Amino acid sequence: MSQPNTIVTLQSPFGRAVSAWWVDLDAHSKILHQYLLTTSEIHRSERMISPLNTRRFHASRHALRTLHAS
């Protein structure tokens with residue numbers, strides 16, 4: 001199971017920490033839960049030609065929601 005990893009945390013000029021995250025989309029796609037995707041995201045991914053791009057799109061949206069929830 002792949003979890004997002006913090007690769008750098010910097011201090012912003014406004015006094016808040018800003019983090020950059022790295023996510024292995026291929027590994028993350030194996031743990032994603034479809035119910036976290038919106039209807040528009042599912043429709044958008046249905047128009048993609050490549051199954052690989054579809055999986056990575058799903059994984060990226062899922063990872064984004066996971067990071068925002070933590």
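Q: In what order do the elements run from the N terminus on?
A: They run β-β-α-α-α. The chain has three helices and two strands. Helices (H or I, at least four residues) and strands (E, at least two) are DSSP runs, numbered from the N terminus.

Q: Where does the model come from, and how are residues numbered?
A: This is a predicted model, where local features need pLDDT of at least 70 and side-chain atom pairs count only at pLDDT 80 or more, while totals for chains, interfaces and linings use all residues. Residues are numbered from 1 along each chain as its sequence is written, and side-chain values use heavy atoms, with hydrogens and water left out.

Q: OK, helix packing. How do α2 and α3 cross?
A: Helix α2 covers residues 39–46 and helix α3 covers residues 51–69. Their axes come within 9 Å and cross at roughly 160°. That makes α2 roughly antiparallel to α3. Axes are lines fitted to C-alpha atoms, for helices over the stretch in contact, and angles run from 0 to 180 degrees between N-to-C directions. Angles under 35 degrees count as roughly parallel, over 145 as roughly antiparallel, 65 to 115 as roughly perpendicular, and the rest as oblique.

Q: How many salt bridges does the structure hold?
A: Two. A salt bridge is a side-chain nitrogen of Lys or Arg within 4 Å of a carboxyl oxygen of Asp or Glu. In one, the side chains of R61 and E41 meet at 2.8 Å, N to O. R61 lies in helix α3 and E41 in helix α2, so this pair ties together parts 20 residues apart in sequence.

Q: What does E41 form with R65?
A: A salt bridge, with the closest N and O atoms 3.1 Å apart. E41 is in helix α2 and R65 in helix α3, so here the parts tied together are 24 residues apart in sequence. E41, R61 and R65 are linked in a network of salt bridges.

Q: Is E41 buried or exposed?
A: E41 counts as buried, at 7% relative accessibility. Buried means under 20% relative accessible area, exposed over 50%, and partly exposed in between (1.4 Å probe, protein chains only). R61 is partly exposed at 28%. R65 is partly exposed too, at 27%.

Q: What share of the chain is buried?
A: Buried residues make up 24% of the 70 residues. One of them is A59, with a relative accessible area of 0%. A59 sits in helix α3. Its C-alpha is 9.7 Å from that of L37, 22 residues away along the chain.

Q: Switching to α1. Which residues does D26 contact, leaving aside neighbours within four places in sequence?
A: L52 and R56. D26 is in helix α1, residues 25–28. D26 is partly exposed at 33%.

Q: Last one. What share of contacts is between residues 24 or more positions apart?
A: 48% of the contacts in the chain with a separation of 6 or more.

Technical notes. Contact = heavy atoms within 4.5 Å.
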